[in-house]
Amino acid sequence: MSAVRESEASTSDPRPTPPPAKGRATPRVVTGTVLRTRKGGLSLRVQGRAVAVTAVLGAVLVLVMGTTLTTGDFELSVGEVLQALFGNGSGAADFIVNTLRMPRLLTALCVGAALAVSGAILQSLTGNALGSPDIIGFTNGSATGALIVIVVLNGSMTQIALGALVGGLATAAAVSLLMVGRGLQGFRLVVVGIGVSALLLAANSYLITRASWAEALEAQAWLVGSLGNRLSIHANTIGLAVVVLLPLAFFLARRLSMVEMGDGIATALGVNVTRTRAALLVISVALAAFATAVTGPIVFIALAAPQLARRLTRSSGPALLPSALMGAVLLALSDLVVQRLFAPALLPVGTATGIIGGLYLIWLLITESRKSRA
């Protein structure tokens, strides 16, 4: 493949660039290196900063994984962990690594990546920094579906996952119906989503009051969002969802970038905007639903991770891969902190993400308010 460098703007023409016409999308500055095959049939744009940020996030992720697996009440060396992972460790090391720590770690990584990509897709589709599944209400809808299965039907893990998926999709359909004729963009969607989320939160509280004492305690603990006592079945469930859904999201990332530029431009470039929006919305809701089914509603990862990744990469597109890595790092690191700093107390990871995310949301609202006044 050959590399072609694309500059930000031409300097041969001294005339100023005219402002965009009213109603049209602002032209996007495109930078980076384009790799093409010799015949030009395949091309790939590579941004150096995005590659560097992705590599750093990957290194941080490996460091967090190593720290999680080697530290704790029973410290293990890297060699002991590797031996346990390959089936050659002692009985104690095998139990600690493969039964206690690894399922919880894999669940955290997959849930963090799923929530982050879900948030990145919604924020891109809505054109709003507050467009994330936990703000708009999709997460609470998934929680409602899962709670119905837990409290009313006493369902299995598979049934809980299906209930969360149905609840999330039903919430997305309800929000879409309320937005008919107005599109998915703008602050109106966030306001409608907050209203739907409040109704679903009330429904969740009602379900808990109708449950038995033991079921209510279990459901309330689940609603906080926790990675405690996660087993292989939880890791396998969210892992399968991530393996299926993330490649679909990455495949549609190019079309998502075009949709960001406006429906007219995307249509002119050959993108079926309606189908693309519908497919990406289903993928976003499904990722949030499966994550919620496994751990409960862990807040603010879907809101903060995509924006942090986009700010670091300075990407002109949705930056789905850096967002996935950022979400995995944030959730795994948050879980590591609550395990090591608050032991032996069993503090749910949702508490830590709620505190951090709440502070981030306050900063975001202040920043957006200043931008709107400018």
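Analyst: Helices (H or I, at least four residues) and strands (E, at least two) are DSSP runs, numbered from the N terminus. This is a predicted model, in which local features need pLDDT of at least 70, side-chain atom pairs count only at pLDDT 80 or more, and totals for chains, interfaces and linings use all residues. Residues are numbered from 1 along each chain as its sequence is written, and side-chain values use heavy atoms, with hydrogens and water left out.

User: Which residues of H8 are buried, and which are exposed?

Analyst: Buried means under 20% relative accessible area, exposed over 50%, and partly exposed in between (1.4 Å probe, protein chains only). In H8, Ala-216, Ala-219, Trp-222 and Leu-223 are buried. They lie on the same side of H8 because they cover an arc of only 130 degrees around the axis, taken from the directions from the helix axis to the C-beta atoms. The other side of H8 has Trp-213, Ala-214, Leu-217 and Glu-218 exposed.

User: What follows H8?

Analyst: Gly-225, with a positive phi near 95 degrees.

User: Where is Asn-229, and what is its phi?

Analyst: Asn-229 is in the loop between H8 and H9. Its phi is positive, near 60 degrees, in a residue other than glycine. Asn-229 counts as exposed because its relative accessibility is 70%.

User: What does His-234 touch?

Analyst: Contact means heavy atoms within 4.5 Å. Leaving out residues up to four places away in sequence, His-234 touches Thr-107, Met-157, Asn-229 and Val-294. His-234 belongs to helix H9 (residues 232-251). With a relative accessible area of 14%, His-234 is buried.

User: Is helix H12 mostly covered or mostly exposed?

Analyst: Mostly covered: 18 of the 23 residues of H12 are buried. H12 takes in residues 273-295, and at 1.5 Å a residue it should span 33 Å, which agrees with end C-alpha atoms 33 Å apart. In the loop between H12 and helix H13 (301-313) is Phe-300. Although Phe-300 is not a glycine, its phi is positive, about 75 degrees. Phe-300 counts as buried because its relative accessibility is 16%.

User: How many salt bridges does a search of the whole structure find?

Analyst: Side chains of opposite charge can pair when their charged atoms come close. A salt bridge is a side-chain nitrogen of Lys or Arg within 4 Å of a carboxyl oxygen of Asp or Glu. The search finds 1. Asp-335 pairs with Arg-104, and their closest N and O atoms are 2.8 Å apart. The pair joins distant parts of the chain, with Asp-335 in helix H14 (residues 320-341) and Arg-104 in helix H3 (residues 91-126), 231 residues apart. Both Asp-335 and Arg-104 are buried.

User: Which residues form a nonpolar patch on the surface?

Analyst: Ile-355, Ile-356, Leu-359, Ile-362 and Ile-366 form one, with about 510 Å² of accessible area together. Patch residues have over 30% relative accessible area and no salt bridge; like charges are joined within 9 Å, and nonpolar side chains (Val, Leu, Ile, Met, Phe, Trp, Tyr) within 5 Å. Areas come from the Shrake-Rupley method with a 1.4 Å probe, and for residues only the protein chains shown count as cover. Ile-355 sits in helix H15 (residues 349-373) and is exposed, at 54% relative accessible area.

Notes. The expected span of a helix is 1.5 Å times one less than its number of residues.
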